Amino acid sequence: MKQLHPRARGTPIRALFLMGLSIALMFVDQRFNHLEVVRSNISLALSPLRYLVSLPAITGNWASDWLTAQTELLEENLALEAEDRIINARLQKMQVLQAENTRLRSLLGSSRRVADQVIVAELLSVDQNPYRQLIEINKGTIDGVTIGQAVIDEFGIMGQVIHVNRYTATTILISDPEHAIPVQFIRSGTRSIAFGNGNTDQLELRYLPATADIMVDDELVTSGLGGRFPADYPVATVTSITADLTRGFVSVLAKPLARLDSSREVLVIKPENSTAPE
Amino acid sequence: MSQLRYFVIFLSLLTGLILMIMPLPETVQIYRPHWVALMLIYWSMAIPERIGLWFAFFSGIMVDVSQGTLLGQHTLALIIIVYINLNFYQRIRVMSLAQQAMYVFGLLVMGQVVIVWVEGIMGRPIPILAFFAAPFVGMMIWPWIFVILRDIRRKARIN
């Protein structure tokens, strides 16, 4: 290695300036949305890396699909067709109920609820910050994904989109410690908020009074309050209720219904705005 | 310095980024060393007049975007690491690889402190035992990083 160039020492002034700049960046990124464009563009530039890193997983899946025996595929096909018929039968009843619901709502003068459109996406096998619960999906602005859209799997709510670039998007899961989702108990209608705490199998419901009508195994759905998540999507089931005698609150834990750890295909919900009453 | 030589350094940075987002089983994730920090420590030791604070800043932004952390979080950590390195490396480079590794451990811990401190300010859970895991692994692999990057540097005749 060469002798030290006098200029190269990295003067304290430059160091302090860059450190101050970093702190300012963190402040702006935390409080405002101005830097989202910057992040989005840099994220776009880094997308090839993400696809590169996902390549082994994608190739593995493709290989295992390709190598599956034909008989196995035929069986799977028949089973899926049978399941499809059952679901379609149930769907007919739901359509009748939906039509009735729309009529009743218009009779009452309330706005009509329109079905949400969905975008199908796949998880990119990319690890992000290990202290957070963030996932990367392979759809971006070019597919109609925008910040704030809810993300679900077939079992329930997974989270919402927080960053997006042209081709990929970052989703925060409901189990992330910085995430809170307004929920409602199906059985009793009690409303609460479910907070993530870093565990993919546990959500905390805080601030429920001890007098609330809740039981273990109660199901929680989104309440739609706050406008972030569409209402009536399954979130979790209650696993434990412990009374905290010192404060008059109960500490409630719930297990998310979505397979936060293992789902590879997800749906991004594009909400339709409800129409005005007729 | 020719374009090719810059390209090699840039490539090593990209490799560091790739290694940082490569999927690992959840139990192993906390042991992942800060590859980008290790790359920066080597290059700022080897060619301090080219690779310095601005490169650290740039790398930090790349890491923040790929990790989903606040813009500036890893940047701050890397700038501190590189600044200290720029001021101490002359004394360090004459030491054995093992002693160098201990110095690298110190640098990585300092970077880790910054990152975890910001996480704490944001109100997110802070790891306790896992805190030293990544710097420790970084220390263990430092001799390899040093030798590999030194070979690459010599082959590409970067000076």
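Here are some questions and answers about this predicted model.

Me: How many helices and strands are there in chain B?
Reply: Let's start with the order of the elements. From the N terminus on, chain B runs α-α-α-α-α-α. The count is therefore 6 helices and 0 strands.

Me: Which helix of chain B has the highest confidence?
Reply: Chain B as a whole averages a pLDDT of 88, and 99% of its residues score at least 70. Among its helices, confidence is lowest in helix H1 (residues 3–21) of chain B, with a mean of 89. At the other end, with 93, is helix H2 (residues 35–46) of chain B.

Me: Why does the radius of gyration of chain B agree with that of a compact globule?
Reply: The C-alpha atoms of chain B fill a box of roughly 45 × 30 × 30 Å along the principal axes. A compact globule with 159 residues would have a radius of gyration near 15 Å. Chain B agrees because its own value is 15 Å.

Me: Is B:Phe146 buried or exposed?
Reply: This residue sits in helix H6 (residues 133–155) of chain B. A residue needs 20 or more other C-beta atoms within 10 Å to count as buried. B:Phe146 has 20 C-beta neighbours inside 10 Å, so B:Phe146 is buried.

Me: Which element gives the most residues to the side of chain B that touches chain A?
Reply: The contact takes 41 residues from chain A and 40 residues from chain B. On the side of chain B, the elements giving two or more residues are H1, helix H3 (53–67), helix H4 (73–92) and helix H5 (97–121). With 8 residues, the one that gives the most is H4(B).

Me: How do the residues of the side of chain B that touches chain A divide into nonpolar, polar and charged, and what ipTM does the complex have?
Reply: The residues on that side of chain B divide into 24 nonpolar, 12 polar and 4 charged. For the complex, the predictor gives a pTM of 0.78. The ipTM is 0.87.

Me: Which residue of E8(A) is the bridge partner of A:Ala194?
Reply: Strand E7 (residues 191–196) and strand E8 (residues 203–209) of chain A run antiparallel and are joined by 4 bridges. They form a hairpin with 6 residues between them, and A:Gly198 in the turn has a positive phi of about 95°. In E8(A), the partner of A:Ala194 is A:Leu205.

Me: Which residue of E11(A) is the bridge partner of A:Leu208?
Reply: E8(A) also pairs with strand E11 (residues 249–256) of chain A. These two strands run antiparallel, with 5 bridges joining them. In E11(A), the partner of A:Leu208 is A:Val250.

Me: What distance separates the centres of domain 1 and domain 3 of chain A?
Reply: The domain assignment of chain A gives domain 1 (14–67 + 115–174 + 260–273), domain 2 (70–113) and domain 3 (180–256). In domain 1, 14 residues are in contact with 14 residues of domain 3. Taken over C-alpha atoms, the centres of these two domains are separated by 26 Å.

Methods
Residues are numbered from 1 along each chain as its sequence is written. Chains are lettered from A and ligands numbered from 1 in the order in which they are written. This is a predicted model: local features need pLDDT of at least 70, side-chain atom pairs count only at pLDDT 80 or more; totals for chains, interfaces and linings use all residues. Domain bounds come from an automatic or database domain assignment. Two residues are in contact if their C-beta atoms, placed from the backbone, lie within 7 Å. pLDDT is the predictor's confidence in each residue, from 0 to 100. Ala, Val, Leu, Ile, Met, Phe, Trp, Tyr, Cys and Pro count as nonpolar, Asp, Glu, Lys and Arg as charged, and the others, Gly among them, as polar. The radius of gyration is taken over C-alpha atoms; the globule rule is 2.2 Å times the number of residues to the power 0.38. Two strands pair if DSSP finds at least two bridges between them. A residue is buried if 20 or more other C-beta atoms lie within 10 Å of its own, exposed if 12 or fewer, and partly exposed in between; C-beta atoms are placed from the backbone.
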